[in-house]
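Please keep the sequence and coordinates open while reading.

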Amino acid sequence: MMHRIGILGLDSSHPSAFAEILARMPSMTIAGVWDGGAVREPATLQTFARTHDATIVDSPSSMVDHVDGVMVLSVNWDTHVSLATPFLEADVPVLIDKPVAGDLDSLARLADVAGQTPLYGGSALGYHPTLLEWPTGVVERQLWMAGYNHSFYYGAHLTATARRLAGADWRSVSPTSQPGQTVQVTFENDVVTTIRFDGGDDPGVFGLLDVGDTTRTTLIEGSDGDERRSMYESYLAGFQATIEGSIDESARVLDGARLLLATRGALTYTERIEPTSPTLADIHADGEVFLESYQPYVAHSGSSPN
């Protein structure tokens, strides 16, 4: 069966990269595309549609009856819930790119409107080929992670990956006295993860260390096009499985999104944040503000993942 995919937003390098992979997947095809023009020129939309034989739609909701799954890929995360809502209400599975949302109310609305319709997304980083070899759910392990640049936009890669590897909901997030923007996350299965958001200046570089049943390390560099392509292939295979009903990652995606908010709260207010902490409701990462300064990467083999 061929699954028809809709794409909402061409802001980042992800739509083009994902589209190239979808073209090689025998049961996935791009049926429609919409872009709000926040980042790209109209010519980009025309070129994308022509290259991938996709229909341009005037509004996202007009695509609802013509797709089996949709990818919300806009950079401004404040638009994600509204873009996803008509599809979720129609029982169409949705992939929401990172970050999922910028405040707790938005995540609550998303969970409510989704109901039993599966959500997917958050970050492709955890699907890197080296990380797919790491086990998930190993209790009482320790993880260390370092990223770069914007602690919310790029930090979403780290929190989503930490949640995926931990294999359990997060219990608390605490600021630390360690250098930089660093927090410690404890999960319900006693996995402890230390995350430093402002690592080195090299774009697209993530470092991870796992100490549990054994010791593992990995360095992910955005300049490696083959590794990034493999990572995206695994990520999109998961979305295909979501559409086909064989997996439902909704709980993990939403918990990872709340974890990202909690890390922002711990850094902003220098206090321990728990899922029931009142402070969590006060946290708002502004997607509009981020969009104003956003510069998309040029999509080529040497670019960084965004």
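Strands (E, at least two residues) and helices (H or I, at least four) are DSSP runs, numbered from the N terminus, and two strands pair if DSSP finds at least two bridges between them.

The model is predicted: local features need pLDDT of at least 70, side-chain atom pairs count only at pLDDT 80 or more, and totals for chains, interfaces and linings use all residues. Residues are numbered from 1 along each chain as its sequence is written, and side-chain values use heavy atoms, with hydrogens and water left out.

**Parallel sheet**

- Strands β1 (residues 3–8) and β2 (residues 28–34) pair in the parallel sense over 6 bridges.
- Within this pair, Ile5 has Ile30 of β2 as its bridge partner.
- Contact means heavy atoms within 4.5 Å; axes are lines fitted to C-alpha atoms, for helices over the stretch in contact, and angles run from 0 to 180 degrees between N-to-C directions.

**Mixed sheet**

- Another open sheet of 6 strands has the order β8-β9-β10-β7-β11-β12, and its pairing is mixed.
- Its edge strands are β8 (170–175) and β12 (215–221), each pairing on one side only.
- Neighbouring strands of this sheet are turned by 15° against each other on average, direction ignored.
- Strand β7 (residues 142–146) runs parallel to β10 (residues 192–196), and 5 bridges join them; Leu143 stands opposite Thr193 in β10.
- Helix α5 lies across β7, β9 (182–187), β10 and β11 (205–211), at about 160° to β7.
- Helix α7 also packs on the sheet, where it touches β8 and β9; its direction makes about 25° with that of β8.

**Cavities**

- The whole structure contains 4 cavities of 30 Å³ or more.
- A cavity is a set of points, on a 1 Å grid over the protein atoms alone, where a 1.4 Å probe fits but cannot get out; lining residues have an atom within 4 Å of a point.
- The largest cavity has a volume of about 90 Å³, where volume is the space filled by probe spheres set on the points, and grid points are joined across faces, edges and corners.
- Its lining comprises 14 residues, and Val100, Gly122, Ala160, Gly256 and Ala257 lie nearest the centre.
- Helices α5 (155–166) and α7 (250–269) each supply at least two residues of this lining; the largest share, 5 residues, comes from α7.
- By class, the lining of the largest cavity has 8 nonpolar, 4 polar and 2 charged residues (Ala, Val, Leu, Ile, Met, Phe, Trp, Tyr, Cys and Pro count as nonpolar, Asp, Glu, Lys and Arg as charged, and the others, Gly among them, as polar).

- Most residues other than glycine have a negative phi, and most peptide bonds are trans.
- The peptide bond from Lys98 to Pro99 is cis, with omega near -20°; Pro99 is in the loop between β5 (94–96) and α4 (104–114).
- Asn149, in the loop between β7 and α5, has a positive phi near 65°.
- Asn149 counts as exposed at 52% relative accessibility (buried means under 20% relative accessible area, exposed over 50%, partly exposed in between, with a 1.4 Å probe and protein chains only).
- Thr270 also has a positive phi, about 45°, and is found in the loop between α7 and α8 (287–293).
- Thr270 is exposed, with a relative accessible area of 60%.

Definitions and conventions:
1 Å grid on protein atoms, 1.4 Å probe; cavity = no way out; pocket = protein on both sides within 12 Å on 5 of 7 lines; lining within 4 Å.
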